[in-house]
Amino acid sequence: MDKFKQMTEAPVSRLVTRLAIPTVISMLVTTFYNMADTYFVSRLNNTSTTGAVGVVFPLMALIQAFGFLFGNGSGNYISRVLGAGDREKAKKMSACSFYLSIAVGLIITIVGFITLKPLAYVLGATKTIYPYARDYLSLILVGAPFMCGSLVLNNQLRFQGNASFAMVGITTGAVLNCILDPLLIEVANWGIAGAAAATTISQIISFILLLIGIYKSNGVKPSLRFFTLKKEYILGIINGGMPSLARQGIAAFSSVLLNLIGGAFGDYAITAMTVCSKITMFLNSAMIGFGQGFQPVCGFNYGAKRYDRVKKAFWFSTYVTFIFLLFMSVIGFIFAKELVGIFTDDQKVLEFGVPAFRFMCISFPVNSFTVMSNMAMQTVGHAVRATIIAISRQGIAYIPSVLVLWHFFGETGFQSSQMCADFLTFLLTIPLQISLLRELNRTPIEQRCDDV
């Protein structure tokens, strides 16, 4: 009851900020250790090895897509039913999503090993990149079940307001990855296989710590005795997690497209776009982390019919993340050459990557409204609208932008396609989010709150 009272009565701005601090840290550290692989692999002084990290990224995005499907799907459901006071349903959803995610991860591992060589080429490997992509890919596949399971545990913890436990599990694995990267790549002389081994070992450790954290927290646990495949829980996972699956899945597809088109220019283009995507992912991760602090507040209060607090939390989160992204976009634009240069000293990679990164910086600030709107729709159960927004930035808007701009403007069009997609997605999001806010206005507010 204390948790319910805190989530539905504490001042919204302070509550979102408190919950967001550990999730922002988790996202920054997690993204940082994803960048660590790229950084240490780039020190091997081989453009093809860095390109291999980019080639395997779509598969990692796909694994994460299923992790987010079960994690966000169950987390959204759990936060709503806890807000409505039904702990029994929360326990059953927790178990159902967790064990299904492990099963899906195992399937990905098995299928990946059976189709290893064709899979690498489908992901965008060239003949020169393939040997490195094969070594990296084979070890990443081993960690698929642990990656899926970790994302489920992480999301279930934070959606119950236990973000600090989630932070410990995620950040410990991330720090370990950063320590293991130089040890396995350079000291043990494993090369790119060392980067993959570091990532997989870190994922396993993170999974174990998150499992310990969820059993030590006062929240619901994924106990096997509560496991059930009832239609209600499957639909709950789909409704709450489909936008995340669609977003990550379409991101994986877009990354493959990016690799294939980049390969037409040369390995340097794949490497440049890999570096740019890693940097932008890091800059955007703080915004996503803040949104993850907003989601449990949104879910609890929607379930408790405190719709005024849902709207206040949305606008507060949007304003904060807009200011942050505006500041980062200016810094990124000015120091684009220095940032890209951290990962490479190859002149061709720099010449291709610097303008591409500057184009991306231009559209950073509008992502605040887009992402917070998407998270709000997903959390309250508006799966169709949330999915439309989720697949727009890397799909509906992005894929046509890449193909059309590349066709008409060549290299410059290819470099600017993400910026174009961001603005188109922002324009699409405006009417969908206005519709949601109007629905909340029309819904009778059972309780009044003026605590912000």
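This is a predicted model: local features need pLDDT of at least 70, side-chain atom pairs count only at pLDDT 80 or more; totals for chains, interfaces and linings use all residues.
Ala 313 is in contact with Val 12, Val 16, Phe 294 and Val 297, once its neighbours within four places in sequence are left aside. Ala 313 belongs to helix α12, which covers residues 307-334. Its relative accessibility is 0%, so Ala 313 counts as buried, the limit being under 20%. I would also point to Gly 83, which stands 230 residues from Ala 313 in sequence; from C-alpha to C-alpha the two are 16 Å apart in space.

Apart from residues up to four places away in sequence, Leu 137 touches Val 56, Leu 59, Leu 116, Leu 119 and Ala 120.

Returning to helix α11, I would draw your attention to Ser 285, which is placed in that helix. Is Ser 285 buried or exposed? Its relative accessibility is 1%, and Ser 285 therefore counts as buried. With neighbours within four places in sequence set aside, the contacts of Ser 285 are Met 27, Leu 28 and Thr 31.

I turn now to the protein as a whole. Its secondary structure consists of 17 helices and zero strands. The radius of gyration is 21 Å, close to the 22 Å that the globule rule gives for 452 residues, so the protein is as compact as a globular protein of that length. Along the principal axes, the C-alpha atoms fill a box of roughly 60 × 45 × 35 Å.

How much of the protein is buried? Buried residues account for 61% of the 452 residues. As for contacts between residues at least 6 apart in sequence, 84% of them join residues at least 24 apart.

Finally, the surface and the charges. The protein exposes about 17500 Å², and 69% of that area is supplied by carbon and sulfur atoms. Among the side chains, 34 are positive and 21 are negative, with the centres of the two sets 9 Å apart.

Note on methods:
Residues are numbered from 1 along each chain as its sequence is written. Side-chain values use heavy atoms; hydrogens and water are left out. Contact means heavy atoms within 4.5 Å. Helices (H or I, at least four residues) and strands (E, at least two) are DSSP runs, numbered from the N terminus. The radius of gyration is taken over C-alpha atoms; the globule rule is 2.2 Å times the number of residues to the power 0.38. Buried means under 20% relative accessible area, exposed over 50%, partly exposed in between (1.4 Å probe, protein chains only). Accessible areas come from the Shrake-Rupley method with a 1.4 Å probe; for residues, only the protein chains shown count as cover. Lys and Arg count as positive and Asp and Glu as negative; His and the chain ends are not counted. The place of a charge is taken as NZ of Lys, CZ of Arg, CG of Asp or CD of Glu.
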